[in-house]
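Hi everyone, thanks for coming. Let me put the structure up on the screen, and then we'll walk through it together.

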Amino acid sequence: LTLQSQAEMVPNDERHKEVPTSFVRAYCLDDTNNTNTNTTTRSSFGYPTRLFRVTSTSDGNLYCLRRMDSIRCVSHKIVQTVMHQWLSNPSGRDKTTASSSGGFDHPGIVRWYKCFISQRAVFFIHNYHAGAVTLKERFFNTPRGENGVPLPESFIWSCLTQLVSAIAAVHGSNLAVRTLQLNHILCTQEGSNGAIQSNSGPFGLPRIRLRINCVGIVDILEFEARKTLEELQREDMRSLGCILLSMTTGSEITVNDIYRGNNAQQQGQILVPYFDFVRQNYSRELFVLIHSLLNPGVPPQTIRGVASSMAMRAFEELDEAHTCIDNMDGSLMGIYESGRALRLLLKLAFVNERPEFGIDKNWSESGDCYILKLFRDYVFHQADGSGRPVMDLGHVVSSLNKLDAADEEKIVLASRDGKNILVLSFADVAWCLEKAYQELCEQAVPPPGDGGMERY
């Protein structure tokens with residue numbers, strides 16, 4: 001993921017001209033080979049589009065920059081109006097806990113930061129998630145759809161819970177998502193760098209995080225459509241039903257495939273084979289939910305109705321989320337402990353065996369800091385009665401932890417010839433180490449570009 005975040009286009013790439021000067025280190029996300037080409041792709045929004053990963057010169061953060069050309073129906077006033085609707089709304093949360101930079105912030109939504117018009121094009125800036133792929137790329141660009149193998153129901157409920165949470169936040173803020181399609185939902189794998197690890201679910205499928213992408217784009221491009229909020233939210237629920245139907249049948253199904261240009265009878269005929277497949281392979285609970293969202297004869301359920309009908313499933317997702325958090329806490333604790341040990345090792349390496357202190361009385365065999373040499377041998381140079389080295393990692397880790405905690409436990413330090421023996425505590429060694437390191441920092445030459453040696 002780090003390599004993906006640091007990749008750049010070659011300096012002579014003509015596509016650099018398509019990126020505003022306020023962004024640098026651009027990398028085109030449309031072309032997997034990132035070849036130098038001027039061919040633009042026509043996105044699902046119907047306009048020539050380029051997608052870049054860029055670094056902002058103002059804050060140094062990574063963003064996803066979407067450039068759309070040949071758009072004549074968008075004005076600065078429309079942009080400002082839609083941005084005010086989304087970016088001044090903290091998703092229904094307490095404004096004191098919302099992000100300080102403002103904007104619609106929800107874990108199930110790819111955050112939208114800004115839209116502006118420049119170079120005769122419209123630019124959208126969203127958050128960048130390294131390693132993310134669309135739900136369509138993850139599950140529908142494979143032979144799985146051709147073979148008709150259904151996804152596990154527990155996996156579908158997990159995805160549905162995340163989507164319902166995001167949609168409920170949007171609808172609760174008097175907005176509509178309008179981008180609920182397989183190619184606009186990003187998924188990232190939890191707890192790994194792209195390989196399936198210990199938190200895999202049924203059929204070898206890992207737990208994934210879903211985020212709805214491209215919010216705000218359709219609101220700007222179709223601002224003049226003047227649809228009511230109720231109509232737009234109803235379309236969101238139909239789209240959610242199509243996503244569920246696609247995941248259960250293995251075939252990509254869109255709202256246009258079912259409803260556009262077809263009367264109610266034709267819509268029902270299209271849905272019958274899909275409904276039969278879901279009824280035969282999944283629980284009645286899931287079938288009833290999908291049927292309530294896509295039934296042509298009645299309006300779809302509201303997001304509150306869907307959330308109420310699957311309340312018990314939300315507890316399962318909550319349990320999985322807590323398990324994932326516990327695993328991450330354990331991993332972070334290990335990294336934190338490793339960092340503390342590294343800090344001690346660096347200090348010991350800095351102060352031990354420095355030739356410039358060869359005649360300093362503090363470093364002589366009678367000096368206070370002489371015990372640091374003995375402690376180094378005590379930790380790393382253990383030997384048995386025959387003089388063979390003892391490679392006891394547990395002893396090393398335990399000694400460093402006690403040194404870091406300044407434990408009062410007494411230890412015996414002996415010189416290599418056995419003539420000098422000292423009995424003292426880890427706290428005494430810690431005091432000597434800190435004293436020697438601070439003296440070294442005071443005499444050290446500051447590195448270039450730094451005001452002084454960091455003392456930690």
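Okay, let's start with a cysteine: cysteine 441 has a relative accessibility of 5%, so it counts as buried. Buried here means under 20% relative accessible area, exposed means over 50%, and partly exposed is in between, with a 1.4 Å probe and protein chains only.

Some housekeeping. This is a predicted model, where local features need pLDDT of at least 70 and side-chain atom pairs count only at pLDDT 80 or more, while totals for chains, interfaces and linings use all residues. Residues are numbered from 1 along each chain as its sequence is written, and side-chain values use heavy atoms, with hydrogens and water left out.

Back to cysteines. How many disulfides are there? The count is zero, taking a disulfide as a pair of cysteine sulfur atoms within 2.5 Å. Take cysteine 214, which is buried at 1% relative accessible area: the closest cysteine sulfur, in cysteine 64, is 7.7 Å away, too far for a bond.

Next, the inside. A nonpolar core is a set of buried Ala, Val, Leu, Ile, Met, Phe, Trp, Tyr and Cys residues joined through side-chain atoms within 4.5 Å. The largest one has 70 residues, and among those touching the most other members are Trp86, Trp112 and Leu294. Helix H5 (residues 153-172) gives the most to this core, 11 residues. Apart from it lies another core of 26 residues, including Val351 and Tyr437. By the way, helices (H or I, at least four residues) and strands (E, at least two) are DSSP runs, numbered from the N terminus.

Now the aromatics. Rings of Phe, Tyr and Trp (its six-membered ring) pair if their centres lie within 6.5 Å; planes under 30 degrees apart count as stacked, over 60 as edge-to-face and the rest as tilted. The whole structure has nine such pairs. Tryptophan 86 sits in helix H2 (residues 76-87) and phenylalanine 104 in the loop between H2 and strand E5 (112-118), so the pair ties together parts 18 residues apart in sequence. Both residues, tryptophan 86 and phenylalanine 104, are buried.

Phenylalanine 350 and tyrosine 437 make a tilted pair, 6.4 Å centre to centre with 45 degrees between the planes.
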